[in-house]
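Let's take a walk through a protein chain, one stretch at a time. Have the sequence and the 3D view ready, and follow along.

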Amino acid sequence: MYQFLHLRSRLLQTLILGLVVLTFYAYYRTTVYELRPLVSTWNASRLLVLESLHPTSNISGDSQVTIILRNLTLESNGLNVSMVHNVSNASFVTTLNSQPVSLTANASNESKSNVDRFIKQLARTVDTTKNMVNTSKDTARAIYEFGHSVSVPERCPEYGKGMELIVVIMSAPSHVEARTAIRQTWGHFGQRKDVGILFMLGVTMDAKLERVLEQEQNMFADVIRGRFFDSYSNLTLKTISTLEWVDGYCPRAKYLLKTDDDMFINVPRLLSFVNKHAKDKNVIFGRLAKKWKPIRNKRSKYYVSQAQFKPPVFPDFTTGPAYLLSRDVVHKLYDAALDQTYLKLEDVFTTGIVAHKLGIKRAHANEFLNKRISYSPCNVQRGISIHMVKYSEQFELWKKLLDGKTKCK
């Protein structure tokens, strides 16, 4: 009798243990296989399902990070990727659709390009993961969503090789007319191989407007979509998203012009300026603002708290309507901006506080007018940037830029 009870007790224990194991297995399956697709559709940088993340070491003894990724789908072309990467020393073992790929011989140019872009994004994501433990809740990194829902990498072939200038225009989702006017006027210069002109937009909750934007993208394919809600308070996030895009997709372009959709840009004059300063490095050109003081009035649109910026005077900065960055500062600004205390005044934040911290030179250039002026042919032809231009006025300025009759000294 005792032996029978003992056997029954052991059987019951085994049954309970089996149920526990089955429960945990079912939970795992649900979490990994059902929730993962929901995450990947929201954030491209979180497409990476890290099954193993641990430090290793190479011959030199430096700390390394090895990532094992399995059954990963590249968003750009649906290629199934399985890879083991040593990110820090760029040692890669890669398979596409379960077939080994040599990035120098056996893959198509398109596949190699997609993998190259993916690897660069992977390295950036790993770097972000390593720094996440030390992230302050007040920094830009704490609120910034990495990646782009629409990236149009084809607008910068070969990462900008041979490209003199990339222009990224900050635009609001509803400013359809402004973008159309630019495309029909000075945006025409984007058809040149040495110039790229694109628009940067964020997220809108207006479903009807989203359908309009989708049609616009299908027609022109020149809009980048960042993962931030598009608003005035998020202009700094929009600029960081621009820096991330250029750093990832167009790092070989010589100069980046960041500007707004209410600007008229004299592209020929700007290209002459770029050519003149082709050898300059570690510099931001624009209209320099000196010794501006933070506004401490909480009712002001431009209010800055002591916690955000304590000194009584801002570092010198180039005003936001248009400024020009040499290519060597793009990555440095992007990387440092993420760990800086967030400030919604994007020009002060990016070209002032962050640039000053990095020792980047801010240089005044008279051609950057960055204000509303009288629209005389000579004013239009002499300047690089004119501010507060209505979309209906773009055509007037375009005509005066192309006026070959007026002789300006």
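Start at Ala 221, which sits just after helix α4 and takes a positive phi of about 50°. A word on the names: helices (H or I, at least four residues) and strands (E, at least two) are DSSP runs, numbered from the N terminus. What you're looking at is a predicted model, where local features need pLDDT of at least 70, side-chain atom pairs count only at pLDDT 80 or more, and totals for chains, interfaces and linings use all residues. Residues are numbered from 1 along each chain as its sequence is written, and side-chain values use heavy atoms, with hydrogens and water left out.

Now step back into α4 itself. This helix covers residues 207–220, so to speak 14 residues in a row, and reaches 20 Å from its first C-alpha to its last, close to the 20 Å expected at 1.5 Å a residue. (That expected span is 1.5 Å times one less than the number of residues.) At the start of α4, a side-chain oxygen of Asp 206 comes to within 3.0 Å of the backbone nitrogen of Lys 208.

Which residues of α4 are buried? They're Leu 209, Leu 213, Glu 216 and Gln 217. Seen down the axis of α4, these buried residues fall within an arc of 100°, so they line one face of the helix. The arc is that of the directions from the helix axis to the C-beta atoms. Buried here means under 20% relative accessible area, exposed means over 50%, and partly exposed is in between, using a 1.4 Å probe and protein chains only. The face turned away from the buried side carries the exposed residues Lys 208, Arg 211, Glu 214, Gln 215, Asn 218 and Met 219. And what covers the buried residues of α4? The cover includes β6 (148–150), α3 (176–184), β8 (195–203) and β9 (223–229), with contact meaning heavy atoms within 4.5 Å.

Stay with Glu 216 for a moment. Glu 216 forms a salt bridge with Arg 183, and their closest N and O atoms are 2.6 Å apart. Glu 216 lies in helix α4 and Arg 183 in helix α3, so the pair ties together parts that are 33 residues apart in sequence. (A salt bridge is a side-chain nitrogen of Lys or Arg within 4 Å of a carboxyl oxygen of Asp or Glu.) Arg 183 also forms a salt bridge with Asp 222, with the closest N and O atoms 2.7 Å apart. Asp 222 is in the loop between α4 and β9, 39 residues from Arg 183. Arg 183 and Asp 222 are both buried. Through shared partners, salt bridges join Arg 179, Arg 183, Glu 216 and Asp 222 into one network.

The count of salt bridges comes to 12. Another one of them pairs Asp 339 with Arg 141, the closest N and O atoms being 2.8 Å apart. Asp 339 is partly exposed, at 39% relative accessible area, whereas Arg 141 counts as buried at 6%.

Finally, look at the rings. There are 9 aromatic pairs: rings of Phe, Tyr and Trp (its six-membered ring) pair if their centres lie within 6.5 Å, and planes under 30 degrees apart count as stacked, over 60 as edge-to-face and the rest as tilted. The rings of Tyr 255 and Phe 285 have centres 6.4 Å apart and planes at 45°, so this pair is tilted. Both residues, Tyr 255 and Phe 285, are buried. Phe 273 and Phe 285 have ring centres 5.0 Å apart and planes at 85°, so that pair is edge-to-face. Ring pairs link Tyr 255, Phe 273, Phe 285 and Phe 368 into a cluster.

Note on methods: Polar contact = N/O pair within 3.5 Å; in protein donor to acceptor, adjacent residues only side chain to side chain.
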